[in-house]
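Subject: Structure handover

Hello,

Here is the structure for you to look through. Please open it first, then read my notes below.

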Amino acid sequence: MTKPVVDAGGVVLEAPHETRFGPGVAAYVCTVQDPGGDLSTFGTYRGPPPEQSVRAR
């Protein structure tokens with residue numbers, strides 16, 4: 001997953017790992033820096049489960 005970044009001269013600042021966002025839903029994320037110094041974070045978080053996204057009235 002991060003090999004293309006390294007092959008292009010970039011740096012992996014945060015290797016892929018599991019974390020939790022918002023309501024505690026698991027996601028995988030990583031942060032990379034391209035050769036120009038720009039940072040990018042990629043992740044799999046898709047938002048809260050449907051039952052948590054409906055607001056109570």
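A salt bridge here is a side-chain nitrogen of Lys or Arg within 4 Å of a carboxyl oxygen of Asp or Glu. The structure holds two of them. Before those, a word on the source. This is a predicted model, in which local features need pLDDT of at least 70 and side-chain atom pairs count only at pLDDT 80 or more, while totals for chains, interfaces and linings use all residues. Residues are numbered from 1 along each chain as its sequence is written, and side-chain values use heavy atoms, with hydrogens and water left out.

**Salt bridges**

Lys3 pairs with Asp7, and their closest N and O atoms are 2.8 Å apart. Both residues sit in helix H1 (residues 3–7). They are separated by about one helical turn because they are four residues apart in that helix. Exposed means over 50% relative accessible area, buried means under 20%, and partly exposed lies in between (1.4 Å probe, protein chains only).

The other pair is Arg20 and Glu18, at 3.6 Å from N to O. Arg20 counts as exposed, at 52% relative accessibility. Glu18 counts as partly exposed, at 41%.

**Overall layout**

The chain has two helices and three strands. Their order along the sequence is α-β-β-β-α. Helices (H or I, at least four residues) and strands (E, at least two) are DSSP runs, numbered from the N terminus. The chain has 57 residues, and 14% of them count as buried.

**The strands**

Strands pair if DSSP finds at least two bridges between them. Strand E1 (residues 11–21) and E2 are antiparallel, joined by eight bridges. In this pairing, Val12 stands opposite Val32 in E2. E1 and E2 form a hairpin with three residues between them. Gly22, in that turn, has a positive phi of about 40°.

E2 also runs antiparallel to strand E3 (residues 39–43), with five bridges. Gln33 has Leu39 as its bridge partner in E3. This hairpin has five residues between the strands, and Gly37 takes a positive phi near 95°.

**A closer look at Thr31**

Where does Thr31 lie? Thr31 is in strand E2 (residues 25–33). Is Thr31 buried or exposed? Thr31 counts as buried because its relative accessibility is 13%.

Thr31 touches Val12, Leu13, Glu14, Ser40 and Thr41, leaving aside residues up to four places away in sequence. Contact means heavy atoms within 4.5 Å. With Thr41 there is also a polar contact, side chain to side chain, at 3.0 Å. A polar contact is a pair of N or O atoms within 3.5 Å; within protein, one must be able to donate a hydrogen and the other to accept it, and residues adjacent in sequence count only if both atoms are side-chain atoms. Thr31 and Thr41 are ten residues apart in sequence, yet 4.2 Å apart in space, C-alpha to C-alpha.

**The surface**

Leu13 belongs to strand E1. Leu13 is partly exposed, with a relative accessible area of 46%. Val11, Leu13 and Leu39 make a nonpolar surface patch of about 280 Å². Patches are made of residues with over 30% relative accessible area and no salt bridge: like charges are joined within 9 Å, nonpolar side chains (Val, Leu, Ile, Met, Phe, Trp, Tyr) within 5 Å. Accessible areas come from the Shrake-Rupley method with a 1.4 Å probe; for residues, only the protein chains shown count as cover.

Best wishes
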